[in-house]
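The following explanation considers how parts of one protein chain are arranged against one another.

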Amino acid sequence: MKRKIAFITGITGQDGSLLAKFLLNKNYEVHGIKRRASSFNTKRIDSIYQEHQMKGKKLILHYGDLTDSLSLYDLLNKIKPDEIYNLGAQSHVAISFINPEYTTNVDGIGNLRLLDAISKLKFKKSVKFFQASTSEMYGNQKKTLNENSDFMPVSPYASAKLLAYWNTKIYRQAYGLFACNGIMFNHESPVRGENFISKKTTKAVAEISLGLRDVLYVGNLNSYRDWGYAVDYVDAMWKIMQYKKPEDFVIATNKTHSVRNFIELAFKRVGIKIAWKGKGIKEVGYDKKTNKIHVKIDKIYFRPNEVEYLKGDYTKIKKLLGWKPKVNFNQLVNIMVDEDLNNLKKL
Ligand code: NAP
Ligand code: G4F
């Protein structure tokens, strides 16, 4: 059987790097675009990197950018992928308020550039396309969300992603492309970016437990997220692409936990029981045994608009593709804290 070829945007990010490993294990030839940077940005894929000169290599990196239509079309035409995973994005919600135009360009129009390039390929009917859509598109609705729920974005990130979500559907209908949305709720792993609350917390907790620092500064403790394990989510992406027809799927765990709860569990893993006192931005988290303050609020981490509650219903993907999350919230927190502790102990 012919080896399948995958093309991944965002291959240097959390999901892209995990997906690249997953697909290499399935014997795919994997191509990815990396952005030109003044220092290397390939740390997450260094363990699978193959020298340019290596014969028969299965991981091939190309310079590219979601803001550069010309190179995207040329690359697709040259590589002739069977499956395209569009994971590239300015993926930080708070930063999208600071750089809204850039975020819209990469996350919204970047998707359109890719879809339009695909629609102009001679082999467009044999290409499959996955769009990394997000639960942020739902905005503030205090209910369990599924594929039929309304979208009410409250950040430039979410509105850009909604543009991409709709264009994925539109290009599917208009040009018969095999184009799918995975509407993904929060998913984390030890290779999560360090300015997301999960990794920021587990890294700080590991440092605090080893006496390397005292305090973790955070924003809103009271928002709820449906947190899953990123390794489970790349498996879901692949399953969506193997389905007999292109459809949109929610990828979630059907459970939700507060930021406060995440922090408490992370500290529990290193034997610290966190208690809370004070109100609003004066609230602090302290070690019940020693009374030492380990969590403080800094209003810099609050957002102009916040999504307070997210919980997703994964019934459809379970029913049609047999996918369900394998790692639960407690296990996820423990995996991340343990990895951060191990990394620090190696130093
Ligand atoms: P991530 O770790 O922030 O990775 C983003 C990737 O996109 C990186 O490889 C980054 O490259 C690349 N990128 C940024 N700007 C680009 C540009 N202009 N052109 C090409 N590539 C660019 O994000 P992630 O957590 O893996 O998420 C993957 C995708 O899923 C994103 O689209 C995100 O919005 C979406 N999503 C994530 C979650 C989640 O909870 N993780 C949930 C729902 C949806 P550099 O390494 O050079 O920065
Ligand atoms: O970890 P976060 O930054 O993730 P957020 O905003 O939910 O976005 C992530 O998940 C989305 C899917 O729902 C993705 F589409 C998106 O790309 C990204 O991967 O924040 C989670 C919660 C928020 O309510 C935030 O206000 O944690 C709260 N928070 C409290 N203190 C903080 C902090 N978030 C960050 N990043 N840093 C803090 O200090």
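**Helix packing and domain arrangement**

Helices α6 and α10 cross in a right-handed sense. This is a predicted model, and in it α6 spans residues 197-209 while α10 spans residues 329-346. Their axes come within 9 Å and cross at roughly 50°. Since angles under 35 degrees count as roughly parallel and 65 to 115 as roughly perpendicular, α6 is therefore oblique to α10. On the α6 side, the contact is made by Ser198, Lys199, Thr202, Lys203, Ala206, Glu207 and Ser209. These residues meet Val333, Met336, Val337, Asp340, Leu341 and Leu344 of α10. By class, the contact of α6 with α10 comprises six nonpolar, three polar and four charged residues.

Helix α10 also packs against helix α8, which covers residues 259-269. The axes of α8 and α10 come within 9 Å and cross at roughly 55°, and α8 and α10 are therefore oblique to each other. The crossing of this pair is right-handed. From α8, the residues in contact are Asn261, Phe262, Leu265, Ala266 and Arg269; from α10, they are Phe329, Asn330, Val333, Asn334, Val337 and Asp338. The contact of α8 with α10 divides into six nonpolar, three polar and two charged residues.

The remaining pair to consider is α6 with α8. Their axes lie 9 Å apart at an angle of about 30°. Because angles under 35 degrees count as roughly parallel, α6 and α8 are roughly parallel to each other. The crossing of α6 and α8 is right-handed. Here Ile197, Ser198, Thr201, Thr202, Val205 and Ile208 of α6 face Val259, Phe262, Ile263, Ala266 and Phe267 of α8 in the contact. This contact of α6 with α8 has eight nonpolar and three polar residues, and no charged ones.

Six residues from domain 1 and four residues from domain 2 form the contact. The area buried between the two domains is about 430 Å², and carbon and sulfur atoms give 60% of that area. Within domain 1, Ala94, Phe97 and Val154 lose the most area to domain 2; together they account for 69% of what the domain 1 side buries.

Key: Residues numbered from 1 in each chain as written. Chains lettered and ligands numbered in written order. Predicted model: local features only at pLDDT ≥ 70, side-chain atom pairs only at ≥ 80, totals over all residues. Heavy atoms only, no water. Axes fitted to C-alpha atoms, helices over the stretch in contact; angles between N-to-C directions. Helix = DSSP H or I, 4+ residues; strand = E, 2+ residues; numbered from the N terminus. Parallel < 35°, antiparallel > 145°, perpendicular 65-115°, else oblique. Left-handed = near helix turned anticlockwise from the far one by under 90°. Contact = heavy atoms within 4.5 Å. Nonpolar A, V, L, I, M, F, W, Y, C, P; charged D, E, K, R; others polar. Buried area = accessible area lost by both parts, 1.4 Å probe.
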